[in-house]
Structures are given as C-alpha cells and as structure tokens.
Amino acid sequence: MTASSTSLRTLLLGNRFRRGLLKTVYIYSALFVYAVLFLLPFYWMLNTSLKEPLRVFQIPPDWYPNPVVFRNYLDAWVSDRTDIAAEIPVYNYAKNTAIITVNGVIATTFSSALIAYAFARMDFPGKQAMFLGVISTLMIPFTVLMVPQFILWKNLNWLDTFLPLMVPYWFGSAWNVFLLRQFFMTIPLEYDESARIDGATHWTIFSRLIVPLSKPALGAIGVLAFVFFWNDFLGPLIILSKPQNFTLTMYLANFSVAFVRTTPWHLYMAASLTIISPCLILFFFSQRAFIQGITITDFKR
Amino acid sequence: MAATATAGRAIRKAKAQETITAYLFVAPWIIGFLLFIGGPIIVSFVLSFFRWKIINTPRFIGFDHYVAMFTTDDLFLHSLGVTFRFVLYSVILGNVIALSLALLLNQRIRGIGVWRTIFYLPAVVSGVAGSVLWAWMYSGELGIFNNLLIAVGLEPQAWLWDEQLVLGSLVAKSLWNIGVPMVIYMAALQGLPQDLYEAADLDNAGEWTKFLSVTLPLISPVIFFNLVMGIISQIQTFAEPYVMTKGGPANATLFLGLHLYENAFHFLKMGYASAMAWIMFLIIFVLTMGQFGLARRWVYYEGQSS
C-alpha cells in the first residue's frame, strides 16, 4: 500500500479505513513483539559467543560484543579441556553425527517410501488392518521402547556401536509411511495402469514413476529426518559410552563437565551455534520442504 | 469354456503374484515392527514382572513393581505430577501462542516468509543446544532475563533454582518451540472457505465473532490434532531437565522420562523401568483415547451432520 493510495482511501472510506489502519498497526506491533522474543535467544547466543572471555563474566552483561572475538569459534573446538574427551578431536563427534544422520535420512526416506507405496497403490489381504497398525504405533513414545530395545542391543552385542542408531531406520517409520502414503494417493492411478499395460513391474513403477513424481514430499521427509537425526540425544545417550563414539549433542551436553571451575560460556555458545548451524542453513535453503513436510496431510480427510 | 478357465487361472496367478510383491514391499515394516516395536513391547511387559539388574538372573516378583510404583517409590507419583503439570501448561499455552501467531500471519501482511522463518527457526534447534542456551539465559547474575528485570527495576529471580519457579521456566522455554503447530495452523487457516466470512460480513459480524463462530469451529479438527501430537511429544520431555536442571531442585523437575532413564540406566533396574514404561504407555493411550472421546463433543467435521 503506497502513501498516496492510503490517503485516497482514507478520504473515500473515512472511519472504516482508519479502523483498518489501526488494525494493521496492531498486527505489525504484535508480530514485532513476538519476533523480538523469538530472536532474543539467538541474539544472546551470538552475542555471548563473540565476547572476550573476561567480558562474559561482567555484570551487567554487555548488549553487544566489544571487541568482537571470532577466535572463540576456534577455541571452542580445540580448547585445553581437562576430561577424557579432551583427547578426542571435535571433528570426530561431527563425523559420528554425520554418519548417523546420513544413514538415517537415506534409510527412513527409502524404506518408508517403499512401504507407503504398497499401502497407497497395491491391494493385498490384511492391508487395512496393517495400516491401522502403522497408525497406532504413532502413539508409542521412544521412552516406552528404549528399555527392551536396549536389552536387544545388549544381546546382539551392538552396544557402543552405531548399529542400533542406524539399522532400525531401514524398516520404515510410522509417521513417514503415513505421510508418504497420503501423498502417493494424490497421484492419479491411471499412470500406474498404463505403465502396467506396458509391462512395468511394481518396482519400475515405484522407482521410475512414483519416486520422481514425489520428489517434493520425499525432500520434505528428508529434511525433517535430517533435523531429527542431527539433534537426537536420548538415542545415542543410552547406546554410546566410549567418548570416541559420542555424537555432537552428547558432546554439547557434557561440555561444561570438562571445565573444573566456571563454565566458559563464550566457548559453550560458540560450540552450540556451530552445532546447530547445519540445521539452520538447511532450513534457510529448503523452507518450502519443511513447511510441506509438516503440512502434507490434509486434515479434512 | 476352456479359454475362460485358463484366463481365470491366469488372473488368479496374477493376483497371487501381486499379493507376494505387495508383501515384499511391506516386509520391512512387518519385520521392523516385530523386532523393534511389537517384540520389545511384549518383552517389556514380561520384564515388568521380574526383578532384573542386567547382571543377575531375572526373578519373578509378580505385580510388586506396579505396587511399589504407587506405594514405596515416592518419586514415581511425584514425577507423574511434574510431567502432567508441564504437559498441561506447555501444550495449552503453546497452542494458544501458535494459533495466535498463525492468525496474525493469516492477515494480509508483508514479508510473510520472513516472519514465518523467525517463528519456526527455534524448532530446528536441538533440545540439547536449546537447553544449554536457555540455562545460560536463566543464570543468576549473568543471565539476560535477570538483567532485563533489574533494568526495569524488578527483583531478579532464581529461575532454575527455585522449586516454585523452575517448572514455569521450563514451560517458558518450551513455548519457544511452537514452530510445528504454528505452521500446521497456518496451512489450516489458508484452506478456510471465504464464503462463510463474506456471509458473516453481510451480517456485520465483528472480528471476534467471526473468529469464534467461523474460524474456531472450522479449524477444530486441526486444534484437536495439535493437542494430541503436543501431548505425545511433551510427555516425553527429556533433554531439557537432563541438561538444565538434572531433575532438581529437590526433584521439582524430575520428569517421568528422566526418572525412567535413571532407574534403567543408572540403577540398572530394567524390570522396574519396564513397568514404568508400561504405565507411561497406558497413560498416553488413555489420554489419546479420552481426547478422541471428548473430540466428538467439540470437533466439527465438514460434511457431517451435527
């Protein structure tokens, strides 16, 4: 709305428009207040991470770093820590998290797509009951499963390896199966039928037709899975015990333990910001995929 | 005759083939379910009747764990209470904020992508990183919150060390992560039919009336969905108390998940932890079913006679 059209409309519409203007002011100020509240923690993390060590402990704290110390980001990763974890280079944690995340994203997307294909495009006895089974497992929290799963890993001698954090995700996840099934159902069935007439197998239809047509949905599942695996904490926490197997979130949770006296918050914040940055960057570049992933289901149905 | 019989056999054969292929496609789910979900659930049910600390042989003790949970273990009921209060406040307040943000963003405003990014962003921050950050913001003399309070002439608070305040502090942190329900509300609001609003305009209905009598009934299925998902996710809260408070002070933030984790992996009481997990599962089951029951009274589905 430009200024001239604003005044014109005020002339024409008078009070009614003034009420509209008041509403606009009200909406933007509410959004602004909310935005400040939501961004404040990020700002505080950035601010602290760039402060000079001594200034971190200054009361009252500075609202901006002066001088700006980028070195903190280096120190956060190679500081003179005192614990056993000190001997492990930090890229090792990053490597562990990366292995688990990459496997998880591929595994859960691929296997869930395969399973969802059968539920969306094929007919077989017990389909309805089985799908109901998929839906009902959505309710089962990990906390309920972690003890018996832990016993399983122990008996398989898989504790303190990445296998428990990698293998189960090749068997589909209920939520992703559900979302992908919903999406696959929106693709016209005639496509499959004409491919069938041409002699295509289900695998061909799946890999050559459904998967390419579902790239946005698969991408959406993929980015959400990336964030899940990158951020997972309780899973690795109960499985991994040798420091060289730790993931980034475990490292972060143990960070302050390593320092005898006070927590060096500037380093802690620098490490935190570095660790969350892949998810932030991914989100900035694929917002659409995130939004689609969350809203794939049509609630009216 | 012979021709039709052959054709019939061919069709039946094709059908059998199709069924086999379909089962191959869903095989990962069936195997995964048996190994990692169904099997473990049965194992944990059986285990809950045994005393087992991993190194010794399991000993059958009947319902002792379930009895102990409600009699000798003072902390179980306490942690249940802590979790309930947290879930109640964080889900209700979280949905109020998520919906109000979605309503604001549903007005004709500029830069909707930027606003949405700002409000969604905390949702991609891990529980651990977010908890570390909020613990720092909540710290005594150095924390931003206390310094803001001092700046406006108020008393600083012991956010994470005050038994009365600490749960509220964790609820406040959880309100920072409302990106997912907000985006779901936004999508729902965009899909609302405009004709009902035009009809309301003709009746000179105010904004508030339109919200109460058009928007709210139409999005009630989405509210219901967000409440169910919110409860299931918040009841599992773990990283926040683990990182920020370790369950303290004086167990004021001993969440069910944390209590279960400590019993299982610190005290190695596998049987007892299994019994607790089962109770937790039952609670979620009852809550969800209860919500479905209640939903019939307040959720409005289009095309369904009232």
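Here is the chat that followed.

Guide: Heads-up, this is a predicted model: local features need pLDDT of at least 70, side-chain atom pairs count only at pLDDT 80 or more, and totals for chains, interfaces and linings use all residues. Residues are numbered from 1 along each chain as its sequence is written, with chains lettered from A and ligands numbered from 1 in the order in which they are written.

Visitor: How many helices and strands in chain A?
Guide: Chain A has 16 helices and zero strands, taken as DSSP runs numbered from the N terminus (helices are H or I, at least four residues; strands are E, at least two).

Visitor: And how many residues does each chain put into the contact?
Guide: Chain B gives 72 residues and chain A gives 69, where contact means C-beta atoms, placed from the backbone, within 7 Å.

Visitor: Which helix of chain B gives the largest share?
Guide: Helix 1 (residues 2-47) of chain B, with 18 residues.

Visitor: Switching topic: how do helix 10 and helix 13 of chain B cross?
Guide: Helix 10 (residues 207-234) and helix 13 (residues 270-298) of chain B have axes that come within 11 Å and cross at roughly 170°. Axes are lines fitted to C-alpha atoms over the stretch in contact, and angles run from 0 to 180 degrees between N-to-C directions.

Visitor: So what does that make helix 10 and helix 13 of chain B to each other?
Guide: Roughly antiparallel, the label for angles over 145 degrees.

Visitor: Which residues meet there?
Guide: Among them, B:Phe224, B:Leu227 and B:Ile231 in helix 10 of chain B, and B:Ile284, B:Leu287 and B:Trp298 in helix 13 of chain B.

Conventions. Parallel < 35°, antiparallel > 145°, perpendicular 65-115°, else oblique. Contact = placed C-beta atoms within 7 Å.
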